[in-house]
Amino acid sequence: MKNDKNYTKHIIVFIISSFVLTLMMNALIMPLINKPRVKETNYSFFLDKLDEGCVTKVKVEDTEVRFEVEIDGKKQSYSTGRMDDPGLVDRLRKNGKIVFTENFEKPNVLLEFLVGWVLPIVLLIVIWNVLMRGMSKRMGGNAMSFGKSNAKIYVKAQTGKTFADVAGQDEAKEALVEIVDFLHNPGKYAEIGASLPKGALLVGPPGTGKTLLAQAVAGEANVPFFSISGSEFVEMFVGMGAAKVRDLFKQAAEKAPCIVFIDEVDTIGKKRDGNFSGNDEREQTLNQLLTEMDGFDGTKGVVILAATNRPESLDPALLRPGRFDRRIPAELPDLAGREAILKVHAKKIKTEENIDYNAIARATAGASGAELANIINESALRAVRNGRKLVNQSDLEESVEVVIAGYQRKNAVISQKEKEIIAYHEIGHALVAAMQKDSAPVHKITIIPRTSGALGYTMQVDEGEKFLLTKEEALARIATLTGGRSAEELIFNSCTSGASNDIEQATKLARAMVTRYGMSGSFDMIALETVTNQYLGGDTSLACSPETAAKIDDEVNNIVKKSHQNAIRILSENIDKLHELAAYLLEKETITGEEFMDILHKEPAAAL
Ligand code: ADP
Ligand code: MG
Ligand code: ZN
């Protein structure tokens, strides 16, 4: 509850400043008002003035004598030390004018009261007002009207995004175009009796353009666009989330037709689970959201968009028809989609002519829109770094590698011996890949280390887009992954830690073959694992008995073992080529797929 803390902070600031102010008033200003207008002087001066007869008042105290002198109508008070002067009283009595023990000018009681009490209070009220105004500004409204929503109204000019900015994602765009059309001519839909879905939920992995799509809708729709992120609901005062939802929908109803966009809706829309976790607040917010979505009239033209990358964690009540009944997938882009996204973003930079975007798209299978946008930007940065005015193909190709594997570590010192091992390792991968027919062609091999920790890598690029993975391809891929280690074993008769990433990937794939793809010999079509987090990393959880889990491990081990043996066999059959290619790579550090294939096919004998 950030604002709760804010409030307390303000009160503490207020109390401290009141305290300081009062102290200052009393210490600095009061003495000024009650400024002693009494001059210190000596006793003989007093006696002189008495003799001159211009003393008008005298007050004798225990230790001092105060007196007032009047010269030409001007009064001045003095004080002096009291002397043992027994004749004083008589002398004073003789001078009839002198008034005894009169109180000298009283301090100005009224002024003292004003300065000591009224002024601080007035100042404190002023400070309080200033503080509250500052606070309410930060809260985006009047501090006293708790419960105002933070939803910003977007109008066309502000997001500046249109559907033209979103490449690929054609299904998502189609669904959204319909919504935009409904907002423009609701009559067309009302005539036939159709009512539009109240809510649409954009789901997909991070960086696939969900937020971008919503902004594009705002740009196209030309209607008010309220946008709020789920976390903004949650951060408010206790009980405020619900109030904010109510408020948001009230505003939306006034502005209809309009669009309400809730980004990262999973923060409020999480499943309400049985265990009492004490997160009542979130539950109230969710309940309010459910009620509001039921409450408003579908024909009015309030459309609710929401985005999330964790749809499986959303409360089922939120997903039932009448609420977010339409699900718009924003999937990772396919080959055509990637090419389109690259082109959209390339419009923002200056490039040489005839850039082959298709080649870049093929090399970036599995990349999200955000990553592709990043690749384009990296390439422009690289062009600047190299002092060029236009981005060329090699900039783009290098940026793909930067985004995949990090920057080149040019000054990493690697001993010759280790370089040799790395070269054999990479050629091992490439050779095993090239010698199997179910494997993607080798695109590039490099032994320049990268900041990601990779000491070298072999890039394989498929010719076209693949949607299915056959068992043969999976096995070929595992064999390719074990190829690096196999080469080390074959040539150096030992192994290194360099294969750790290969091992991880091979295991993951072999495991998926057994538990999810039904590609193993001993299990039938049984789902032994379920994916729990489809869009965020794809974590899985086992759904089987411990005995079966042990069997799965055996099965995975067998698959990898067989593939490993297969790789060793391929390499030992082509050991001459392995030596030749490794020497070439060691010399060049980076070789292309064509160079690789040229050497491989140089002598007919090597092609088997
Ligand atoms: P998320 O799905 O995580 O909300 P965003 O919409 O924030 O992703 O996308 C992040 C960035 O990635 C966008 O600003 C845009 O530059 C780029 N991007 C993602 N998908 C696309 C796409 N389909 N077309 C063009 N750019 C895209
Ligand atoms: Mg987003
Ligand atoms: Zn490797």
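Student: Which residues in H20 meet H21, and which residues in H21 do they meet?

Tutor: On the H20 side they are Ala 506, Thr 507, Ala 510, Arg 511, Met 513, Val 514 and Thr 515, and in H21 their partners are Ile 552, Asp 553, Glu 555, Val 556, Ile 559 and Val 560; contact here means heavy atoms within 4.5 Å. This is a predicted model, in which local features need pLDDT of at least 70 and side-chain atom pairs count only at pLDDT 80 or more, while totals for chains, interfaces and linings use all residues. Residues are numbered from 1 along each chain as its sequence is written, chains are lettered from A and ligands numbered from 1 in the order written, and side-chain values use heavy atoms, with hydrogens and water left out.

Student: How do the axes of H20 and H21 cross?

Tutor: The axes of helix H20 (residues 500-515) and helix H21 (residues 546-573) come within 9 Å and cross at roughly 125°. Such axes are lines fitted to C-alpha atoms, for helices over the stretch in contact, with angles from 0 to 180 degrees between N-to-C directions.

Student: What makes H20 oblique to H21?

Tutor: Angles under 35 degrees count as roughly parallel, over 145 as roughly antiparallel and 65 to 115 as roughly perpendicular, with the rest called oblique; the crossing at roughly 125° falls in that remainder, so H20 is oblique to H21. By class, the contact of H20 with H21 has eight nonpolar, two polar and three charged residues, where Ala, Val, Leu, Ile, Met, Phe, Trp, Tyr, Cys and Pro are nonpolar, Asp, Glu, Lys and Arg are charged, and the others, Gly among them, are polar.

Student: Why is Ser 520 called buried?

Tutor: Buried means under 20% relative accessible area, exposed over 50%, and partly exposed in between (1.4 Å probe, protein chains only); Ser 520 has 10%, and is therefore buried. Ser 520 lies in the loop between H20 and strand S14 (529-531), and, not counting residues up to four places away in sequence, Ser 520 touches Met 513, Val 514 and Glu 555. Helices (H or I, at least four residues) and strands (E, at least two) are DSSP runs, numbered from the N terminus.

Student: What coordinates the zinc ion (ligand 3)?

Tutor: His 425 (NE2), His 429 (NE2) and Asp 502 (OD) coordinate the zinc ion (ligand 3), at 2.0 Å. Donors are N, O and S atoms within 2.8 Å of the metal (3.2 Å for Na, K and Ca), and water is not among the atoms, so sites may look incomplete.

Student: How do you know that His 425 counts as buried?

Tutor: The relative accessibility of His 425 is 6%, which means that His 425 counts as buried, and His 429, at 7%, is likewise buried. Both histidines lie in helix H18 (residues 416-434), four residues apart, about one turn of the helix.

Student: Is Asn 354 buried or exposed, and why?

Tutor: Asn 354 has 76% relative accessibility, and so counts as exposed. Its place is in the loop between helix H14 (335-346) and helix H15 (357-363).
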